[in-house]
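This report describes one protein model, beginning with a helix and moving on to the sheet and the core. Please keep the sequence and the structure in view while reading.

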Amino acid sequence: MADPLVLVLGGTRSGKSTFGRQRVRELAGDGPVAYLATAWSDDGDSELDNRIERHRRERPANWTTIEVGPDLAGAIGSASDAPILLDGLTLWLSAVTADGIDDIDATLDGAVAAGLAAIEAHAAPVVVVSDEIGLGMVPIDPGARAFRDLQGIVHQRIASAADEVYLTVAGLPLALKPTA
């Protein structure tokens, strides 16, 4: 399998980003990687600033960082033929739905469909890291429920297309869909 699509799911501090970095290193060897960063901090959130800086320090010097806004397909297009680590899908979906979710199907058919098509069409390995938020209680807020539902559907779609799917728990990756 030359160019696998890998999905890494996990909860907060589950080790998903660490495993995602490890998996893309295995796939890229010593070559460059396009790191698609979805976290941003523009309101003086020192904890988030520190988290972003720690992630930067953990990336090798030959990795290119591409800041991702709502246009995931455009960010993937700027990665040329390099392997990609998208960390993380949850914050990208937050950017796409920043003004709320009026219609899940319209969101899925628009930016999400374009992003997933770009992921599947990329000419090198892609590792997607995402938060598994569907294991908790049902949110009382309708917007939070819509986001949880949207993310669950997106996870199902990526997992269906993926060659490998992992769930990280306590720093341990559990293979849900291992390579054959």
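## Helix α1

In α1, the residues Lys-16, Ser-17, Phe-19, Gly-20, Arg-21, Arg-23, Val-24 and Ala-28 are buried (under 20% relative accessible area, with a 1.4 Å probe and protein chains only). These buried residues pack against β1, α2 (46-57), β4, β5, β6 (164-169) and β7 (172-177), where contact means heavy atoms within 4.5 Å. Helices (H or I, at least four residues) and strands (E, at least two) are DSSP runs numbered from the N terminus.

The model is predicted: local features need pLDDT of at least 70 and side-chain atom pairs pLDDT 80 or more, while totals for chains, interfaces and linings use all residues. Residues are numbered from 1 along each chain as its sequence is written, and side-chain values use heavy atoms, leaving out hydrogens and water.

## The sheet

An open sheet of 7 strands has the order β3-β2-β4-β5-β1-β6-β7, with mixed pairing; two strands pair if DSSP finds at least two bridges between them. Its edge strands, β3 (64-67) and β7, each pair on one side only.

The parallel strands β1 and β6 are joined by 5 bridges. Within β6, Val-165 is the bridge partner of Leu-7.

## The nonpolar core

The largest nonpolar core has 32 residues, of which Leu-36, Ile-119 and Val-128 touch the most other members. Such a core is a set of buried Ala, Val, Leu, Ile, Met, Phe, Trp, Tyr and Cys residues joined through side-chain atoms within 4.5 Å.

Not counting residues up to four places away in sequence, Ile-119 touches Leu-5, Leu-72, Ile-76, Leu-86, Val-126 and Val-128.

Notes: Buried means under 20% relative accessible area, exposed over 50%, partly exposed in between (1.4 Å probe, protein chains only).
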